[in-house]
Amino acid sequence: MDYWKAYRTLRHARELVRGSPESGYEQLPTYLYMIKRANPGTFTQLDVDEAQRFKYCFLAFGASIQGFPFLRKVVVVDGTFLQGKYLGTLLTATAQDGNFQIFPIAFAVVDTENDESWEWFFKQLSCVIPDDESLSIISDRHKSIGKAIKKVYPKSSRGICTYHMYKNILVRFKGRAEFALVKKAANAFRLIDFQTTFDQIEAMNPALHEYLVRADVRMWTRVHFPGDRYNLLTSNIAESMNKVMSHARSFPIVQLLEEIRSMMTRWFSDRRTDALKMTTDLTRGVEKILQGRVDYAKLLTVQDIDAHQVQVTSGTSLHVFNLKDKKCTCRRFNLEKLPCAHAIAAGEFRNISRISMSHPYYRKHYVYASYENAIMPRALDKSVPGHVITKVCRPPIPKQQPGRPKNSRIKSALEIAMEKKKPRKQYTCGNCNQVGHNRKTCTL
């Protein structure tokens with residue numbers, strides 16, 4: 001058997017199991033109706049052109065819509081290409097729960113990433129998540145995304161993914177020292193720290209400094225960002241979602257949506273159960289972060305200033321924490337809404353629990369509430385109205401290039417470099433030779 005005969009045989013076998021790409025579009029109106037009926041509050045939208053050919057499809061489950069108010073108001077959007085006969089692009093909108101897990105909000109299938117498709121996607125998303133000043137949207141630097149956000153979400157704050165920016169910098173500017181400074185500037189919590197690092201970049205590489213200014217410091221730096229983006233400096237959660245769905249990108253469109261539904265049903269069930277098993281008021285992920293800060297807080301010196309303020313010192317470092325306003329001059333607490341080491345030290349000094357200082361978003365009952373509603377499969381035993389069955393959705397005009405479709409994309413220079421990078425060495429304690437602590441925090 002030659003190569004192409006084997007490939008055609010494999011393609012035919014897949015169609016026998018999953019159905020043909022054409023049948024997927026024919027079943028789409030019925031599938032969306034059945035999913036919406038089985039999941040109250042679900043929002044769907046199907047657009048076809050004048051010839052009744054598929055154009056756009058949008059799906060947001062009711063469980064995601066009802067769970068979003070219990071999450072931090074940061075939405076990460078991204079797109080990934082689909083495979084198969086009709087190609088297309090899968091657009092996703094995701095958030096992160098209080099336990100730092102991916103929370104899918106909405107999905108859309110469009111022809112390609114352009115001004116029209118992204119504007120349509122955000123218009124549908126605005127029916128699920130209204131425009132608000134407290135909302136932040138993170139994405140890559142795609143111009144169409146920026147135009148659509150300005151038009152549909154003018155009140156929200158837009159941030160760009162620092163990882164994508166780092167990739168561009170690595171390609172354009174080869175200096176390793178400048179690259180480290182860019183990361184330091186992006187992650188700085190205080191304005192003075194950012195400005196010092198940014199001045200160093202200007203002195204070392206004026207062209208890189210000009211590039212960063214054009215990228216708009218309000219979108220890629222933590223300190224200048226106008227809204228709240230917490231720990232979400234990149235679009236990694238959307239990239240992770242794309243990776244999870246990579247095996248289904250060649251499926252017929254109904255099978256693709258059903259794969260998404262199955263995944264979300266499993267995630268919501270597992271995380272709802274996991275939230276009930278948490279033994280602390282704060283989530284497991286938050287407790288792990290705070291434990292490291294508690295160890296450091298024990299080494300700090302605390303002194304009263306007045307009824308609401310205390311100073312926290314460590315060597316030459318001095319910060320002031322305001323217990324009433326829950327603000328620290330290090331600004332980590334202000335931006336993350338989680339107690340920094342100075343806040344924990346001040347809380348211990350004033351007998352105030354770090355749990356009470358943490359934002360409610362990080363509590364286990366918020367995590368449970370975000371996954372409280374189940375995602376149900378379509379009910380195949382119930383009849384579908386005639387007007388839904390007779391609705392026509394023809395497949396789009398094929399765009400497939402000659403030859404066998406590629407299953408993977410060409411990796412960027414940064415991705416190749418990260419694969420070759422050696423894992424960071426785990427340093428051991430000088431007293432007991434164990435990892436995870438040092439001599440100062442050693443209990444032996």
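Which residues does S139 touch, not counting residues up to four places away in sequence? The legends below take up this and other views.

**Figure 1. The predicted model as a whole.** This is a predicted model, in which local features need pLDDT of at least 70, side-chain atom pairs count only at pLDDT 80 or more, and totals for chains, interfaces and linings use all residues. Residues are numbered from 1 along each chain as its sequence is written, and side-chain values use heavy atoms, with hydrogens and water left out. The protein chain holds 19 helices and eleven strands (DSSP runs numbered from the N terminus: H or I of at least four residues for helices, E of at least two for strands). Its C-alpha trace spans about 75 × 50 × 50 Å along the principal axes. Of the 444 residues, 48% are buried (under 20% relative accessible area, 1.4 Å probe, protein chains only). Among contacts with a separation of 6 or more, 64% join residues 24 or more positions apart (contact: heavy atoms within 4.5 Å).

Figure 2. S139 sits in β6, residues 136-139. Its relative accessibility is 0%, so S139 counts as buried. S139 touches V77, I145, R158, G159, I160 and C161, leaving out residues up to four places away in sequence.

**Figure 3. The open sheet β8-β9-β10-β11.** Four strands form this open sheet, in that order and with antiparallel pairing (strands pair if DSSP finds at least two bridges between them). β8 (301-304) and β11 (327-328) stand at the edges; each has a single partner strand, so one side of each lacks a neighbour in the sheet. Strands of a sheet pair through backbone hydrogen bonds, either parallel or antiparallel.

**Figure 4. The pairing of β10 with β11.** β10 covers residues 317-322 and pairs with β11 in the antiparallel sense over two bridges. F321 stands opposite C328 in β11.

**Figure 5. Helix α15 across the sheet.** α15 spans residues 341-349. The helix lies across β8, β9 (309-314), β10 and β11. It runs at about 60° to β8 (axes are lines fitted to C-alpha atoms, for helices over the stretch in contact; angles run from 0 to 180 degrees between N-to-C directions).

**Figure 6. M278 in a loop between two helices.** The loop joins α12 (253-277) and α13 (284-297). M278 is buried, with a relative accessible area of 5%. Leaving aside neighbours within four places in sequence, M278 is in contact with N99, T283, R284 and K364. H365 is 87 residues from M278 along the chain, and their C-alpha atoms are separated by 9.6 Å.

Conventions: Buried < 20%, exposed > 50% of the residue type's maximum accessible area, 1.4 Å probe, protein only.
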